[in-house]
Amino acid sequence: MMAAVGAAFALMTSFTPAAFADESVPPPTAKITIDLLTVNGSGCPLGTAAVAVSQDNTAFTVTYSEYLAQVGVGSKPTDMRKNCQLNMRVNVPSGFTYAIAQADYRGYANLAAGAKGIERANYYFQGMSPTAFINHNYNGPYDDNWQSTDKVDVASLVYAPCGEKRNFNINTELRVDKGTSNPLTTTSFMAMDSTDGAINTTYHFAWQKCPKWTWPW
């Protein structure tokens, strides 16, 4: 599975290395900020998604409050698939660049016997080819929290080009299929949600140092 995930992230074929390879580079100590530029999708209506950077600059979290897909009693045909696309600018100190080494997703699902749920995601920097979607499948009967992790091998990490401003895009999707369940008598759903109404999806940074000639004057 890890090999497949690494291969999927390696599909960013337009990337040109612009940083010195060093797996041991610690995070910068200066403050990292993220500007959430656009939020689009049925899974993240305006005002229902937010981004925050960890204090140690090792990760950032995306919090959702209305991200739910469902099928069956009480649902509309369009409810079976929900998606969210985030376009953001990660502001890092001069001399550093970053990649996303791991993404952790969590939520809750209640799937009737025969129903199926899927969480999928991909990532890319502006102007680069999107990665293949990485899928995580859940089969009913299921009534519990769920968690999925997309992890990238070190050799497959794709870094933002040094000396350039490239927005970072995240596409996620939740889908619920009735399968062999009876949608007239059952309801199946999958949410990026928790008992307190929000879930933190965590994206883990990997850092590299940039050549000095890429630094701004």
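The legends below describe close-up views of a predicted model.

**Figure 1. Overall fold of the protein chain, with one helix and 12 strands.**
The chain has 217 residues, of which 46% count as buried. Contacts between residues at least 6 apart in sequence are joined in 83% of cases by residues at least 24 apart. The accessible surface comes to about 10800 Å², and carbon and sulfur atoms account for 54% of that area.

**Figure 2. The cis peptide bond between glycine 140 and proline 141.**
Omega for this bond is near 5 degrees. Proline 141 belongs to the loop that runs between β8 (134-139) and β9 (142-151). For context, most peptide bonds are trans.

**Figure 3. Asparagine 57, a residue other than glycine with positive phi.**
Its phi is near 60 degrees. In general, most residues other than glycine have a negative phi. Asparagine 57 sits in the loop between β2 (49-53) and β3 (59-64). With a relative accessibility of 5%, asparagine 57 counts as buried.

Asparagine 122 is buried, at 4% relative accessibility. Leaving aside residues up to four places away in sequence, asparagine 122 touches Pro130, Thr131, Ala132, Phe133, Asn169, Ile170 and Asn171. One of these residues, Phe133, also takes part in a charge-ring arrangement: the charged end of arginine 120 sits over the ring of phenylalanine 133, 4.1 Å from the ring centre.

**Figure 4. Aromatic pairs, of which the whole structure holds 15.**
Tyrosine 98 and phenylalanine 205 pair edge-to-face, with 5.5 Å centre to centre and 85 degrees between the planes. Tyrosine 98 is in strand β6 (residues 96-111) and phenylalanine 205 is in strand β12 (residues 199-209), so this pair ties together parts 107 residues apart in sequence. Tyrosine 98 is buried, with a relative accessible area of 3%, and phenylalanine 205 is buried at 9%. Tyrosine 123 and tyrosine 203 also form an edge-to-face pair, at 6.0 Å centre to centre and 80 degrees between the planes. Because tyrosine 123 lies in strand β7 and tyrosine 203 in strand β12, the pair ties together parts that are 80 residues apart in sequence. Both tyrosine 123 and tyrosine 203 are buried.

**Figure 5. A cluster of aromatic residues linked by ring pairs.**
The cluster consists of Phe60, Phe96, Tyr98, Tyr105, Tyr123, Phe125, Phe168, Tyr203, Phe205 and Trp207.

Technical notes
Residues are numbered from 1 along each chain as its sequence is written. This is a predicted model: local features need pLDDT of at least 70, side-chain atom pairs count only at pLDDT 80 or more; totals for chains, interfaces and linings use all residues. Side-chain values use heavy atoms; hydrogens and water are left out. Helices (H or I, at least four residues) and strands (E, at least two) are DSSP runs, numbered from the N terminus. Buried means under 20% relative accessible area, exposed over 50%, partly exposed in between (1.4 Å probe, protein chains only). Contact means heavy atoms within 4.5 Å. Accessible areas come from the Shrake-Rupley method with a 1.4 Å probe; for residues, only the protein chains shown count as cover. Rings of Phe, Tyr and Trp (its six-membered ring) pair if their centres lie within 6.5 Å; planes under 30 degrees apart count as stacked, over 60 as edge-to-face and the rest as tilted. A charge sits over a ring if NZ of Lys or CZ of Arg is within 6 Å of the ring centre and within 35 degrees of the ring normal.
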